[in-house]
Amino acid sequence: MAQSLARNFTIRNVLLAGILLMLAGDFMFALNDAMGKWLVASFSVGQVVLIRSIGAFIVLGPMIANQGTGKLFHMERPLLQVLRVVATTTDTALFYAAVVYLPLADVMSFYMAGPIYVAALSHLLLGEKVGWRRWLAILVGFCGVLIILKPSSAAFSMSSGFALVGSIAFAFAIILSRLLRGTSDTTLVTWQTIGTLLVGGALAIGAWRAPSALDLGAMLLLGVVSCAAHLMITRALKLAPASTLAPLHYSLLLWAIVFGLAFFGDVPSLRILVGAAIVVLAGMFIFHRQKVVETEVPPENVPKGVN
């Protein structure tokens, strides 16, 4: 009995750690999105992605040195690793390409559908149980997203394809991260950063503009912020089921309200507050159902010596 209670306590602590890391990672992503929108207004997507990727190695460099470069080339399930790099690179490049032409709110409206894709893929590919109540809560949360964002007619332009494909790539990246939870965070994020660096370099050819010291620093800082976000979310996905963490991605909307008020003087309207309340309540219900339905987490979901 005591052993069972101790195990359940450990499992709940692991799940809580995953949830907190996901929330922190989403905060960093919200900051990354705002910075990226500002930078691509003046520089090409390729240039921003290239310098951003170089900046990420400010964080990754010490981690690679500590782990050893040899581990970067000894990975589990190489095909899935390559697919994950493709998915994360596609997600990053298409997000920045979309915000060049569309308002950030319109782009985020596509990405907020990501948890719905993840829930479906988690059920099909990971065997994670998602009951009808959580499905309903996810859909209600997405309705809250639509109330907040109120996508404009620009969302139906050709460039919306960038955001749509990018959001699907984002969902696949989450699923692949879950399947590769035995691979160290350093290895996963290093290879996805190398992928974006190569793509950014290719896209920057013929579209380079000499940045000022301030602009260069901002793009390098963007890399630090995005790398920290990826590391947090990669670790979170090793600690908790993807179907539990995915709805927490809605917290990006709350940070968007905070950043808008703090940096741009945007006071949220009643529509924004109502939509945010719906999203938060839906997320809390999903977490509640997770605890009710899954009193025990399968052994493979409990990390053992995660790198």
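Me: Is Trp191 buried, partly exposed or exposed?
Reply: Trp191 counts as partly exposed, at 23% relative accessibility. Here buried means under 20% relative accessible area, exposed means over 50%, and partly exposed is in between (1.4 Å probe, protein chains only).

Me: Where do these values come from?
Reply: This is a predicted model, in which local features need pLDDT of at least 70, side-chain atom pairs count only at pLDDT 80 or more, and totals for chains, interfaces and linings use all residues. Residues are numbered from 1 along each chain as its sequence is written, and side-chain values use heavy atoms, with hydrogens and water left out.

Me: OK. How many helices and strands does the protein have?
Reply: There are 12 helices and 0 strands. Both are DSSP runs numbered from the N terminus: a helix is H or I with at least four residues, and a strand is E with at least two. Along the sequence the pattern reads α-α-α-α-α-α-α-α-α-α-α-α.

Me: What share of the residues in the protein is buried?
Reply: Of the 307 residues, 50% are buried. The accessible surface comes to about 14000 Å², and 73% of that belongs to carbon and sulfur atoms. Those areas come from the Shrake-Rupley method with a 1.4 Å probe, and for residues only the protein chains shown count as cover.

Me: Back to the rings. How many aromatic pairs are there?
Reply: The count is 2 aromatic pairs. Rings of Phe, Tyr and Trp (its six-membered ring) pair if their centres lie within 6.5 Å; planes under 30 degrees apart are stacked, over 60 edge-to-face, and the rest tilted. Phe73 and Trp191 have ring centres 5.7 Å apart and planes at 85°, so this pair is edge-to-face.

Me: Which parts does that pair tie together?
Reply: Phe73 is in the loop between helix H2 (45–67) and helix H3 (78–101), while Trp191 is in helix H8 (residues 185–204), so the pair ties together parts that are 118 residues apart in sequence. Phe73 itself is exposed, with a relative accessible area of 59%.

Me: And which residues form the other pair?
Reply: Phe95 and Tyr96, also edge-to-face, at 5.6 Å centre to centre with 75° between the planes. Phe95 is buried at 6% relative accessibility, and Tyr96 is buried at 1%.

Me: What lies over the face of Phe43?
Reply: Arg209 does, at 4.8 Å from the ring centre. The rule is that NZ of Lys or CZ of Arg must be within 6 Å of the ring centre and within 35 degrees of the ring normal.

Me: Tell me about H8. How many residues has it got?
Reply: H8 has 20 residues and reaches 28 Å from its first C-alpha to its last, close to the 28 Å expected. The expected span is 1.5 Å times one less than the number of residues. Just after H8, Gly206 takes a positive phi of about 80°.

Me: What do the buried residues of H8 pack against?
Reply: They pack against H2, H3 and helix H9 (213–239). Among the buried residues of H8 are Leu188, Val189 and Thr196. Thr196 is buried with a relative accessible area of 5%.

Me: Which residues is Thr196 in contact with?
Reply: Leaving aside neighbours within four places in sequence, Thr196 is in contact with Val49, Arg52, Ser53, Thr89 and Thr92. Contact means heavy atoms within 4.5 Å. Thr92 is found in helix H3 and is buried at 7% relative accessible area. Thr92 touches Arg52 and Thr196, again not counting residues up to four places away.

Me: New topic. How many disulfides are there?
Reply: The structure holds 0 disulfides. A disulfide is a pair of cysteine sulfur atoms within 2.5 Å. Cys143 is partly exposed, with a relative accessible area of 44%, whereas Cys227 is buried at 2%.

Me: Which residue other than glycine has a positive phi?
Reply: Arg77 has one, with phi near 45°. Most residues other than glycine have a negative phi. Arg77 sits in the loop between H2 and H3 and is partly exposed, at 44% relative accessible area.

Me: Last one. Where is Leu237?
Reply: Leu237 is found in helix H9 and is buried, with a relative accessible area of 2%. The C-alpha atoms of Leu237 and Leu179 are separated by 9.3 Å, and these residues are 58 residues apart along the chain.
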